[in-house]
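Look at the sequence and the structure first, then read on.

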Amino acid sequence: MRDARLLAKLEPAGLRLAPSQVWGGIRLVPVLRDSVRDDLRFNRRTYDDHLTVVSLEGELKAPGLKYCTYVPHGLVVTWGQRQADAVQGTQLQAPDGKRVKVGPFSVRLLHRMVHREDRNQLRMLPLHLAMEGFLALHFGGPDVAWTEYSREALSHGLSPRIESAVPGWASSALDGALRTFEVHERQVGLLLFNADVLLSAFVVSHPDDYRVLHRTLLEDFYGELLLQYGFLGAAPELGLSLDDARISSLDDLRAAVTRMRDDWADFHAFMAGGLFGTDVTSERIYEAGPFLLQRFHTSLKPSEENHLGEAIVRDDGTLEYLKTYRLSAAQTRRAYLLQQLALSGWKLEGAAERFNTTRDDLVLRLRNAGFGYLLKEHVLEEATRRARRGR
Amino acid sequence: MAAVMEVRSEQVAREDLVMFVNACFSCTGQREFYGDARGQSVSIEFLHQYILGNYRRLYARTLAAGINHFNQAQIVLNLLASGSPAAPEDREEEGALIAATLRALPPPRAFRVLESLRARRINNRRARAIVREYLEGRADLAFDAVKYRSKLRAAVVHGHVKLPGELGPFLIHGWKKRTYTQPLLEAFRQAHYTQDAVYALPYTVAEGLAAKHGIPRDVFLQRIEPRLTPAERLRLQESAARDGGKAPAVDLERAPLTKLALYILSLKQEERRTRRDALHTALERAAARVLGRAPVSLGRVAAVLDSSYSSSGSLEKRRRPLGVALAAHYLLSAASRDYRAFWTCPVEDVVQVQARGQTDITTPLLEALAWGAELVVIVSDGYDNDPPKAVAELTRVYRAKLDPARRTALVHVNPVFDAEEYAPRSFGTAVPTVGVRDAEDLPTVLGFARFAEGTAPLSELEGYLSARVRGLRERDARRRQRDAAVAAPVEPVVAEEGEG
């Protein structure tokens with residue numbers, strides 16, 4: 001039987017969009033929640049280490065699969081009744097993982113992306129959870145020992161698999177936008193558009209938590225469109241007009257303003273159509289009482305806009321937590337290549353047929369996408385040579 | 001054709017002037033919530049140069065329009081820098097205006113102007129005469145020589161002014177070289193060697209010398225307390241309570257309205273709650289005092305007050321937009337027969353208002369209109385974002401369809417200057433926008449609103465300005481008479497006016 005909480009399609013159930021606020025090229029759309037329940041709270045935990053190494057399997061210092069990145073902060077999730085108050089702000093920070101000094105740098109070793117700390121408490125690394133899922137796609141590498149693959153690829157899979165992202169503070173416009181943003185009373189989230197392209201969505205359960213976490217958006221990482229489209233001009237400050245002919249009293253005017261608000265919400269929902277309302281593939285991560293923590297990604301087709309993210313859904317289907325990341329075109333292409341390779345059983349000829357191309361061309365594409373290390377040296381060389389001669 | 005051109009040029013002149021006066025009401029060249037300091041100062045400097053170049057006489061007369069101190073100082077400097085006008089009556093009026101403005105400015109600002117004369121290398125006969133006349137009019141030059149030592153010295157050296165008595169040696173020949181009979185000068189000299197003499201000096205001077213002697217901060221604050229000016233008392237409340245254990249007693253009854261509002265907003269929520277009644281009456285009294293000086297009586301007034309997050313201002317103008325809104329609330333409620341306030345984020349008790357939330361002007365504005373106000377005053381920075389630009393549409397339709405006869409007057413009072421538009425940001429064309437810096441200027445600003453609306457012709461604006469010029473000169477004449485009547489020089493009450 002399928003769990004109803006597992007997302008098949010991302011629907012903003014129980015959420016409402018308010019008109020956007022613009023700063024330079026950045027457009028921020030507030031997400032409001034009308035019925036707030038106090039049983040899922042988020043708090044911020046800051047780490048000030050240069051590098052964080054998360055062990056995904058095995059003990060903290062034992063050899064095994066690791067996720068290495070820069071993590072400025074984590075989220076502490078508490079659920080259930082009445083415990084929330086005790087945790088909010090008053091809790092002494094329990095030591096999380098281990099700190100190691102490496103020369104002038106400090107490295108934090110953490111145990112798992114999602115770590116249970118108490119009966120009703122969870123520590124998670126926001127967005128890294130989703131990114132880890134993305135990196136782990138087909139991480140095992142070829143499952144049939146085709147002769148083209150290098151020995152490393154056959155024994156270690158894709159390791160090391162690397163992707164890069166842009167920290168929020170790389171964009172001064174985002175800094176200004178977050179600074180001047182006016183948080184609504186019942187706001188629980190934010191849609192972030194750069195040059196009117198959806199970059200990220202962030203939703204939590206409680207408005208007070210959102211206020212605390214608002215500035216952390218600057219430390220989070222975003223797709224490289226944040227920088228690339230940052231060079232475009234300012235996003236237009238739109239304004240809707242009222243229809244004079246339909247107004248004959250103050251009540252009409254009030255109704256017209258309400259309609260204007262609804263139009264704004266519809267328009268922003270349309271702008272975010274690449275994320276909300278699309279089909280997603282999700283994976284369950286953790287079950288916490290009535291809540292299900294999961295991560296998901298969209299279709300990964302290069303022709304579409306692609307997001308990956310993580311979500312917490314309540315048993316009645318309410319979206320309680322959401323954080324997404326927009327993949328860049330190159331990242332989507334890499335994921336798509338791997339997906340198609342895996343679908344054709346890692347056989348290069350089969351995959352080339354799927355792509356409607358030749359085997360040599362596929363080899364070059366793999367190399368250009370940064371997967372050259374999967375193939376044997378002479379395979380790459382032959383493909384390069386033939387391609388050059390062909391030209 | 002010529003007539004059309006005439007009309008058009010008059011219209012341009014009127015728009016330029018209204019824009020300039022409006023900018024001079026609000027802009028101080030400091031950082032705002034949405035704009036940085038650089039943009040603000042570039043923008044206002046351009047406006048000054050543009051108006052000075054094109055409408056010199058009106059530029060000088062703007063000094064009397066009730067604009068803020070920053071722009072008064074700028075105008076004085078720019079006028080002095082560009083030589084005197086050719087026509088004798090213009091020359092006479094301009095000179096009188098500059099002198100009167102300098103005398104009316106708070107001393108720190110006036111001395112800053114004198115110092116800037118040197119920095120900008122302005123040294124013509126008129127500038128020197130203005131400096132001389134200003135210094136002659138000062139009640140206690142010895143006090144100025146201690147408190148504004150470097151500025152006074154700059155003015156004296158630059159303007160070749162001869163100072164009477166011991167002041168020349170004190171400022172020019174080095175204060176160390178002799179002892180003085182003037183007690184304050186002697187105290188300044190002694191304070192460099194003994195700790196006790198420090199406490200006879202003004203606070204700003206004593207502070208540095210106390211640090212030099214290594215006097216503990218708490219001891220210093222305790223003993224200097226009688227020398228503190230009211231503005232210094234307000235400013236020191238928090239840090240003195242932290243360092244000295246006790247905040248200096250502040251006379252809430254005497255503080256000016258906007259300063260008081262800003263002080264109250266700087267207090268913590270609990271403190272505002274516990275002292276609520278005292279603060280409330282202090283604000284009411286301050287508003288009554290403002291009205292006592294410039295009586296206004298209004299009918300049924302609704303105020304739409306913006307307490308959104310952007311009214312928290314900037315580091316340089318902390319909570320000023322909110323402070324102006326709070327002060328305007330008390331001022332309007334005292335001035336009108338029937339009054340109601342509509343905040344963007346409704347508050348139970350106005351004293352506890354906070355800068356929080358989005359800017360939704362439409363909801364309170366609709367409520368105000370439904371209440372049936374004769375005059376709706378909107379105090380806001382002009383950025384409405386829930387929904388964006390809805391107020392412009394709403395007021396346009398309201399004027400066009402529901403109130404073409406203008407039974408309800410709408411005025412938008414904006415404490416924030418928008419550098420890119422060279423004007424305070426407006427809510428479309430249906431609402432006249434006027435700038436404001438202190439809520440005390442609200443009566444003046446409301447009087448100016450009819451020009452911002454664009455219906456009054458240029459001649460009326462010129463008439464308005466020359467009437468204000470007459471008023472300023474009369475006030476100045478009275479002030480000089482009063483000063484002359486005081487035979488023995490008393491220690492001046494220094495009203496410190498910092499922007500921020």
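In what order do the 5 strands of the open sheet in chain B lie? The order is β2-β1-β3-β4-β7, and the pairing is parallel. The model is a predicted one.

## The sheet

Strands β2 (336–343) and β7 (433–435) of chain B are the edge strands, as each pairs on one side only. On average, neighbouring strands of this sheet are turned by 25° against each other, with direction ignored.

One pair can be followed in more detail. Strand β3 of chain B, residues 375–379, and strand β4 of chain B, residues 409–414, are joined in the parallel sense over 5 bridges. Opposite Leu410(B) in β4(B) stands Val376(B). As background, strands of a sheet pair through backbone hydrogen bonds, either parallel or antiparallel.

## Helices on the sheet

Helix α1 of chain B, residues 2–26, packs on the sheet and touches β4 and β7 of chain B. The direction of α1 makes about 50° with that of β7(B).

Helix α18(B) also packs on the sheet, where it touches β1 (298–305), β2, β3 and β4 of chain B. The direction of α18(B) makes about 165° with that of β1(B).

## Two helices that cross

Two packed helices are described by the angle between their axes and the distance between the axes. For helix α15 (residues 257–266) and helix α18 (residues 320–335), both of chain B, the axes come within 8 Å and cross at roughly 120°. That angle makes α15(B) oblique to α18(B). The crossing of these helices, α15(B) and α18(B), is right-handed.

On the α15(B) side, the residues that meet α18(B) are Leu257(B), Thr258(B), Ala261(B), Leu262(B) and Leu265(B). Their partners in α18(B) include Leu322(B), Gly323(B), Ala327(B) and Tyr330(B). Sorted by class, the contact of α15(B) with α18(B) has 10 nonpolar, 2 polar and 1 charged residues.

## Two domains

Chain B is divided into domain 1 (14–215) and domain 2 (257–450). The centres of domain 1 and domain 2 of chain B, taken over C-alpha atoms, are separated by 32 Å.

Where the domains of chain B meet, 21 residues of domain 1 are in contact with 26 residues of domain 2. On the domain 1 side, α1 and α2 (37–54) of chain B each supply at least two residues. The largest share of that side, 6 residues, comes from α1(B). By class, the side of domain 1 of chain B that touches domain 2 of chain B has 9 nonpolar, 10 polar and 2 charged residues.

Conventions. Residues numbered from 1 in each chain as written. Chains lettered and ligands numbered in written order. Predicted model: local features only at pLDDT ≥ 70, side-chain atom pairs only at ≥ 80, totals over all residues. Axes fitted to C-alpha atoms, helices over the stretch in contact; angles between N-to-C directions. Helix = DSSP H or I, 4+ residues; strand = E, 2+ residues; numbered from the N terminus. Parallel < 35°, antiparallel > 145°, perpendicular 65-115°, else oblique. Left-handed = near helix turned anticlockwise from the far one by under 90°. Contact = placed C-beta atoms within 7 Å. Nonpolar A, V, L, I, M, F, W, Y, C, P; charged D, E, K, R; others polar. Pairing = 2+ DSSP bridges. Domains from an automatic or database assignment.
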